Structure formats: structure tokens, C-alpha cells
2 protein chains.
Amino acid sequence: MNLKIKCLRGKLAGKNMQGMIITNPINIRYLTGITAEGLLLLTRRENIFITDARYIEEVNSTLTIDDDVIVYNVSDISKEDYENFFTFCENIGFEENHITYAKYKEYKHKYIINNLEETEGMIEAQRVIKDEKEIEYIKKACQITDQCFEHLLQYIKIGKTEKEIAFEIERYFKTHGAEKEAFDTIVASGPNSSKPHAIPTDREIAYGDCITIDFGCMYEGYCSDMTRTIFIGEPKESVKKVYDLVLKNQLQTLKDLKEGANLKILSKMVDNDFKTHGYSLIHALGHGVGLEIHEKPFFSIYTDHFLKENMVVTNEPGIYIPNEFGVRIEDTVLITKSGCITLTNSEKNYSILEG
Amino acid sequence: MNLKIKCLRGKLAGKNMQGMIITNPINIRYLTGITAEGLLLLTRRENIFITDARYIEEVNSTLTIDDDVIVYNVSDISKEDYENFFTFCENIGFEENHITYAKYKEYKHKYIINNLEETEGMIEAQRVIKDEKEIEYIKKACQITDQCFEHLLQYIKIGKTEKEIAFEIERYFKTHGAEKEAFDTIVASGPNSSKPHAIPTDREIAYGDCITIDFGCMYEGYCSDMTRTIFIGEPKESVKKVYDLVLKNQLQTLKDLKEGANLKILSKMVDNDFKTHGYSLIHALGHGVGLEIHEKPFFSIYTDHFLKENMVVTNEPGIYIPNEFGVRIEDTVLITKSGCITLTNSEKNYSILEG
């Protein structure tokens, strides 16, 4: 029995939908474990995965009987088959955020569906609460990330370029059990660190730099996300002041993260504290992590969102002084009833390398 | 003056569209050089890039006055601004294959557009003819790829795994001026080489293997694409026969590639020659290369497509004997009025390593 699909069918029934066309590959992986290209249909009675000749073998070796999914080769499906998949269905859900306008038109025509109905992130909402296996995978990804940071403290030297460091992170991940990086690594040194989303350059690490490293890996499809800002040589007092302010807020947020906490209030508290010091929080304080590096719940200053047990989120305040430097400190944490468990555990006090 | 946008505006005018919403990041890069997340609007008189605080600095440092693009921070745009962008416009183009159904609905409402009109790959069609700078970038990507192949002939030894070789290619690219791989490298050895799209495995290279390596890099966003099949030890006569047949067809196609050539006829000629020897061409003979590794023009046995000067395409016949071996030989070439210029120039006669 596929519990994730069963739960989804319950939600569809509650909205009077008799089936769903699932086009988001991440959601297909979540529900079935399948990573191949294709389309998942929940028809009235069956779960059908449509793929092409290139992937049939791979998909069949991924699925077990428990997954309860029938695999079709797209070239074996006739016009009539398409028209029959959703007969006697009134409303069929689709993923309005994961289908192009062109495909929407094509499917509506091909499947002859009366009413294709937006599902408004129904599967994404289901994904926010992680099960035991998902948590285990995220923990493992976080462990590898911590080990990689340990390694970086030895590896980073004056003269190495940002690109070399980013590549070393990738190499480390791929040779230490991770599938790959969870996202494009940020290694931003000196003035580059003032850009929250800097792309690694050929800039060489120099004495006096602060270096912001934002990185994470993927394990069984699940992501980790961590940022540390480290120093080559003792940082200036002006930099330390900013670092201390960021760290203070990161630690305070860690204390506040638990079931029931309101992400809007947490975000405002950090922004207010930054503002009283003349700065502000220019990006979200955090976001959910799972099969995607950024997923629900999203932290926002504008909307109330409440945490629940077994959500996994980041906590990543940052301050950026244009053309000078930036500081960001980020952990991935698991929400519990009474607090949270930090899954990334690398040093957060000044890491000062002598280069 | 931004010539690419000027040309696009001419095409839009020809279809009675007074503006366009551009959502495909590749097309935004093509038109403006911008790689940051955001939306490009061609309004009646202005070119507007809407992004958020994270990217403003980066975008402004990418753009020059010549680019003729105004940058907006999304948080500074009011409801009225949105409604004014396309006032007095009858028809506004959009990219139906690069916008989700949800965004389509959102934009239609937010910009109050009378008629959002499908543009059917208008920018992709413009991209097929490369300008001087684009050709220079592709040439550079091809050069790095050739140098990487030279390096591989030294690097590959009996006992190395497919994954190790693929990773070495990635390392080479990133440390020799390329941004990254243009696509997931294929290193398929021994029987794995019979799968045209094999994923590198932990299989170790052994004496007697043939190894198909399909790889390319990205330089300033532009791709190269090359395949060579090499041997560890003298290949068997049966393998040589297939190799010679593939090579003969690759060289013949090179002679035929020029302005005016019909891709359908070229594909059929190769397929016919393969068939007279008991094989067939199971994938496309080639495809366009540019900002994307696969782009227009696409070679097909079913549709007439004619080459034009300054298109860049691949030429990649291959034969695959299931569970035994496969041979593919591929170059990236630039089409000229009278012929073509091969941009990848690695050895195509048997490369036999002693392991």
C-alpha cells in the first residue's frame, strides 16, 4: 500500500476530484520514488506512470508491488486509451504551477477532461511534514555537509579561488556518499560576500577576507542547507559587530523554532533587531527543506505561517553591506513539539583561518 | 542599441504584437546577457527587467547602456505600474512553452492584457542564426573540449571507472576556462556503450573495451558537443566494421552540411546506408547547439528543415548493438554558404590506448 498516494487520494476526494495529473517530477518522486521523466496519472482506480522506452527498465527496477503503480510506454498508448483514462470523472486535479500553458491546453484536449481543476499545491502541502525515512535522509545529508565544512577549514588557503573552493565542495560531496550538491554552492569572499547570491568567481582568497559559504548536498533526493561566514585573519571590529548581531539573532531564532511558532513573528523580530542597528533583513529568514532546497513552509514578514512537528526548515539571518562584506549564518533544523533539533552542527563562533 | 531586441521587436510588429512578456531564462540571457532570475518585458517603448533585491547589483553590473534595459526591483512596482506597462497595447506575446498555467493567469490579470498571444518559439527561431560573438563563444567551448579529449587520452587507464572519467572531464572543464559541463557527460564502456544515453557507472575500464564519451562544456553560456568512441587495445574486426561505417557516414555528412542542405534528406541518407548494412539510425543525426545543448534546428527523418549560414549544429551518427557495444562519432560544426567548419577537431581515426 502506497501511504503517500492514499493520503493524497483522500485529499482529492475531499475536494470532489476523482483523479489527478501529476507533472511535477519532484512530486512524482515523492509519491513513487521514480526519478525518470514521465507523467503520473491518478485515475479513478489506478495509478499510472507514463514514460518512454529509455526509462521503462529503470522505472520497473525502482518500483515495488507496494508502490501500486502501473507503468505504460507512451508509444503503446492509443488515442482511445487517453480518452478512457478519466471517463466518468467530473473533476480532475492538475498542478497549475508545474505545467506549461501549452501542455495544459494539450492535456485538456487529449484526455477530454470536463473540468481540469487547480490543486493549489496540494502535494507540496503534504510534503511539509516529513516521515521517518525522509528525516533520516535529511539528517544524513546534513552530516555529510558538516564533515565537508570540517574539511574546508583545512582546505581553504590564501590564493585559492572561490571557484576552486566551490569545486572542492562538489568533489567532497560526490566522493563522500552524497549524490551531488543540493544547489549551486555560494563561495563569496571579500567584497563579493556582500551579494547574498554571489556566483563563485576566480577571485583569490586574500588575507583579511571574510568568506561566506552557502552549501548543501543531496542524499536519496533529500537536501541539506548550511551557511557559514569564516575569516582569514582576525576580522575588523566593524565586521565582528555585524557577525555578532547576525549570530545573536540566529541563536535567538533557534530558541523560538518549535511547533506552533509563527514564522511572520520570528521574521519580524529579527528584522526589527537588525533595524535598531541600522540594517535590515533583505531576504527571508528561512524556508522549508526536503526534496527541494526551497519548499514550504516559506518564512515571510507578511503572512502568518505556523510550524508543525516534523517540518524541516532553515534559519538563516544575514546582513550585507554593499561592496564591503556580508555575513550569513544558516542551519537546517527539525521542528519538534517542544523546540527544534539542529541537523547541521558546524561551529558558529568565529572560524579564523591563518591562511 | 540592442540588435537582438530590435530584431525581435520587428518580428513582433509583423504579427501585430505591441510587446512581449519573456519568461524563458535562456531567452532572457540571449537578449540581454542577464543570468539572474526575473522577467523581461518589452513594452511599447521600453525594455524592462523585473528582478528582486538579491539580483539588482549583479544585473546592473552585467548590463551596459547599449543593452537598453531598465531594471526594476519587484518590490518597488505598484499595482498601477503593472497596469500601465502595456496600456494602449492590443496584443502582447508570451512564451506558452515557458510559462506555467498559474503564471499565465496571474499575468493576464495583473497586467490587464486584452490578448495574450502565443509566440510559438519566436525567440528560439531567432536564436538559430548565431552572430559573431556567439560563434566565438562556441568556438572557445569546442577548443576546451578538444583539449580535454587530448588530456583524456593520457588520463584513461584500465581500472579507472566510468564515473571517475566523467568527474575528471568536469574537473578539467572547470579548471580550464569553462563554466561547467554543457550536459551530463556520458562515459559508456564495454557493453554499456550500447546504450546511447548511458549514465556513468562504477564499471572499471578493462582491456578490449570500447568507450563512448559524449561531452561538452559551456563558455559564456554557450555549449559545445562532441562524441568520440575510443578503444583499449586493438578492436575486433566486427567492431572495426561498425566503426568504419559510422565514420564514413559522419565524414559524408560533414561534406553535405552547408547552407540550403535539407536535414531530412541528410538523415535519410545515413539511415539508408546503415540499413543496407543491417543497422539503423535510432536517434537524430544532429541538433542545433547554442545557449542550449539541444536547440533548433532539429534533424528529423520526417520534416524538411533547411540549413542556413551561421547555424551551429552537431553531426552525430551512431550504431548500437544491444548488450555488446556501440559507436558514435560527433562534431559541432558551423554552417557556411559553401560548406561547414568543424569546430571540434579531435582525432576521429581509431584512438587505441594500451591501458
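**Close-up views of a two-chain predicted model**

In chain A, 68% of the contacts with a separation of 6 or more join residues 24 or more positions apart; two residues are in contact if their C-beta atoms, placed from the backbone, lie within 7 Å. This is a predicted model, in which local features need pLDDT of at least 70, side-chain atom pairs count only at pLDDT 80 or more, and totals for chains, interfaces and linings use all residues. Residues are numbered from 1 along each chain as its sequence is written, while chains are lettered from A and ligands numbered from 1 in the order in which they are written.

**View 1. Chain A as a whole.** Here you can find 10 helices and 20 strands in chain A; helices (H or I, at least four residues) and strands (E, at least two) are DSSP runs, numbered from the N terminus. The C-alpha trace of chain A spans about 70 × 40 × 35 Å along its principal axes. Of the 355 residues in chain A, 43% are buried. A residue is buried if 20 or more other C-beta atoms, placed from the backbone, lie within 10 Å of its own.

**View 2. Where chain A meets chain B.** Chain A brings 18 residues to this contact and chain B brings 16 residues. On the chain A side, α5 (101–110) and α8 (162–175) each supply at least two residues. That side of chain A has eight nonpolar, five polar and five charged residues. Ala, Val, Leu, Ile, Met, Phe, Trp, Tyr, Cys and Pro count as nonpolar, Asp, Glu, Lys and Arg as charged, and the others, Gly among them, as polar.

**View 3. Two helices of chain B.** Helix α9 (residues 237–256) and helix α10 (residues 263–276) of chain B pack at an angle of about 160°, with their axes 11 Å apart. α9(B) is therefore roughly antiparallel to α10(B), a term for angles over 145 degrees. Look for B:N249, B:T253 and B:D256 in α9(B), which meet B:L266, B:V270 and B:D273 in α10(B). By class, two nonpolar, two polar and two charged residues form this contact.

**View 4. The surroundings of B:T212.** Strand β9 (residues 210–215) of chain B holds B:T212. B:T212 counts as buried because it has 26 C-beta neighbours inside 10 Å. Among the residues that B:T212 touches are B:I186, B:A188, B:T227 and B:R328. B:I186 is 26 residues away from B:T212 along the chain, yet their C-alpha atoms are separated by 7.4 Å.

Key
Buried ≥ 20, exposed ≤ 12 C-beta atoms within 10 Å, placed from the backbone. Axes fitted to C-alpha atoms, helices over the stretch in contact; angles between N-to-C directions. Parallel < 35°, antiparallel > 145°, perpendicular 65-115°, else oblique. Lists of a residue's contacts leave out its neighbours within four places in sequence.
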